Amino acid sequence: HIAREFAMSATLKGKIVSSFKLHGLSLQRDAAQFLVDVLSPVSDVEVEDWLDKIIDGVQKQALTSSLIGRDHVDWAVQDCSVGTDRESDKVFQVIDAFSIPRLSYNIDRKKFIPNAAIESMPCLHGSARTKAELFKERYTILHQRTLRHELFTPPVAGAPLEQQTKKFQLRPVEYLLGTTARLGRVIVLGMLTQLKEGKYFLEDPTGSVELDLSEAIFHTGIFTENCFVLAEGMYDDRLFHVSALGFPPAETSRATRSYFGNVNFFGGSSSACAKSSSHLAQIEAENPDAMFVFLSDVWLDQPKVMDKLRVLFSGYADMPPTAFIFCGHFCSAPYGSEHARTIRRCFHELADLVCEFEALAESCRFVFVPGPLDVGPGNILPRPPIPDILTEDIRGRLPFAVFASNPCRIQYCTQEIVVFREDITNKMCRNCVRFPSDKETIPTHLVKTMNAQAHLCPLPLHVRPIYWSYDNALRVYPLPDLMVFADKYDPFQVENADCVSINPGSFPKTRYQFKVYWPQRRLVEDSQVPD
């Protein structure tokens with residue numbers, strides 16, 4: 001009996017060691033023995049599944065060596081056990097911008113792992129190295145995504161000549177700088193910069209090259225400094241003559257997850273992404289009436305706005321939505337000495353108004369996203385929530401009131417929603433290299449730019465400051481189901497790469513228009529409070 005158990009243990013240990021070796025990892029003796037003890041009670045059929053989960057958990061860690069110790073596998077086993085948590089707690093979550101996972105793409109392993117260079121709560125004002133890492137991370141994400149696109153994947157051996165001619169090859173900037181010959185039809189991915197006054201350059205981790213854009217054809221998008229572009233053209237005499245300028249192709253969320261599995265890029269309490277949960281998908285399917293109401297520029301100090309909110313609440317009193325998302329500014333007056341006192345009074349009056357409708361007060365969630373002119377620290381992204389001292393009254397009276405950061409993320413069942421309060425359209429247009437020729441489709445240009453850049457604010461840092469250590473809070477990779485650009489620009493709705501982008505517009509300036517989103521059907525409705 002003892003001999004049989006010893007033989008079974010040796011067989012299991014061999015299977016464990018070989019599984020790790022297949023992934024380029026070696027186990028220390030105590031780590032291997034620990035896994036034998038853990039997996040011994042598991043049936044042979046389930047051992048393979050458990051090993052895959054444990055190895056995935058190990059690879060998600062910041063490893064400095066391929067030799068895996070007891071601590072690594074212990075953490076991975078505990079991570080696999082997290083799935084037993086109650087998923088009902090995760091049906092609705094508002095995720096703060098400062099708590100979003102910090103994942104970096106590892107070129108050797110070709111997967112995203114926690115960034116070991118940045119501590120869990122980094123300094124708000126980072127070092128010069130942090131600024132360099134910001135652009136390097138953006139570039140790496142777009143580079144790996146572009147290389148997987150069908151136009152840039154190497155041709156299959158034996159493929160027809162027609163298919164081979166349709167393929168392109170990305171070149172780094174150093175490829176151009178390292179030659180003295182003339183190069184024709186070269187494609188380079190890099191960041192558009194202006195290193196010298198009036199002269200544009202293309203920059204990547206290997207170097208920078210001056211551009212000649214005089215004959216360049218600009219594809220769809222709003223091209224600004226610091227955005228990443230695919231430049232096609234000819235290189236001659238230290239000058240890259242660009243014939244066409246476009247953005248790296250966007251990628252659907254489904255395609256991204258097919259490569260990287262259930263990694264939780266979005267944030268929240270779960271270690272895996274919400275889309276992998278069949279339980280949450282079932283809850284979503286069983287609630288076709290769930291809806292989200294989005295309003296921007298909710299000026300609570302304006303009596304007319306409060307009157308319209310009363311009409312809005314009375315209309316939804318019999319069928320409460322899942323959540324109201326109110327975006328700032330919450331005060332129409334410019335920031336001044338009385339601003340904090342006014343905001344506190346306005347939230348008190350809003351709480352009085354909501355409490356008149358008992359069904360809304362008891363069941364609805366109210367999410368408040370601050371605007372650039374709302375009370376708080378300097379206007380640098382991401383912005384923290386409105387200070388607690390100004391909102392304690394409304395939070396005490398409305399049990400589901402949440403004051404979020406800007407931007408913030410909302411997870412409802414398997415749906416991922418990003419809310420960003422910023423007048424980004426005008427800023428992008430004012431700072432573009434060349435204004436789009438078709439002015440009627442500015443929202444389409446804007447949305448395609450954001451999706452291609454996988455970032456909410458690809459503007460130069462001197463135009464729109466960002467905390468370097470928290471640039472990851474503005475990434476949108478993979479693309480969410482819904483992106484809300486709460487902008488004073490005209491309301492719009494654009495769908496690109498299976499991602500719906502909307503702008504509810506300024507509530508008072510658009511004659512009290514707002515947007516309603518039905519997640520189960522992925523449907524957006526244009527709505528308005530009647531006069």
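Predicted model: local features only at pLDDT ≥ 70, side-chain atom pairs only at ≥ 80, totals over all residues.

A residue is called buried when its relative accessible area is under 20%, exposed when that value is over 50%, and partly exposed in between.

The structure holds 20 salt bridges. One of them joins Asp-56 to Lys-111, with 3.3 Å between the closest N and O atoms. Asp-56 belongs to helix 3 (residues 44-59) and Lys-111 to strand 5 (residues 111-114), so this pair ties together parts that lie 55 residues apart in sequence. Lys-111, with a relative accessible area of 16%, is buried because its value falls under the 20% limit.

A further salt bridge is formed by the side chains of Asp-531 and Lys-308, at 3.4 Å from N to O. Lys-308 sits in helix 10 (residues 303-316), whereas Asp-531 is found in the segment after strand 23 (523-528), so the pair ties together parts that are 223 residues apart in sequence. Here, too, the accessibility of each partner can be stated. Asp-531 is exposed, having a relative accessible area of 70%, while Lys-308 counts as buried at 6% relative accessibility.

Where do Glu-422 and Lys-427 stand, buried or exposed? Both Glu-422 and Lys-427 are buried. These two residues form a salt bridge in which the closest N and O atoms are 2.5 Å apart. Salt bridges also link Asp-297, Arg-421 and Asp-423 into a network.

Within helix 13 (residues 388-397), the residues Leu-390, Thr-391 and Ile-394 are buried. Viewed down the axis of helix 13, its buried residues fall within an arc of 60°, so they line one face of the helix. The other side of helix 13 carries exposed residues, namely Asp-388, Ile-389, Glu-392 and Gly-396. Which elements are included in what covers the buried residues of helix 13? The cover includes helix 11 (339-355), together with strand 15 (365-369) and strand 16 (401-403). Helix 13 thus presents a buried face to a cover that includes a helix and strands, and it has exposed residues on its other side.

Technical notes. Residues numbered from 1 in each chain as written. Heavy atoms only, no water. Salt bridge = Lys/Arg side-chain N within 4 Å of Asp/Glu carboxyl O. Helix = DSSP H or I, 4+ residues; strand = E, 2+ residues; numbered from the N terminus. Buried < 20%, exposed > 50% of the residue type's maximum accessible area, 1.4 Å probe, protein only. Arc of directions from axis to C-beta. Contact = heavy atoms within 4.5 Å.
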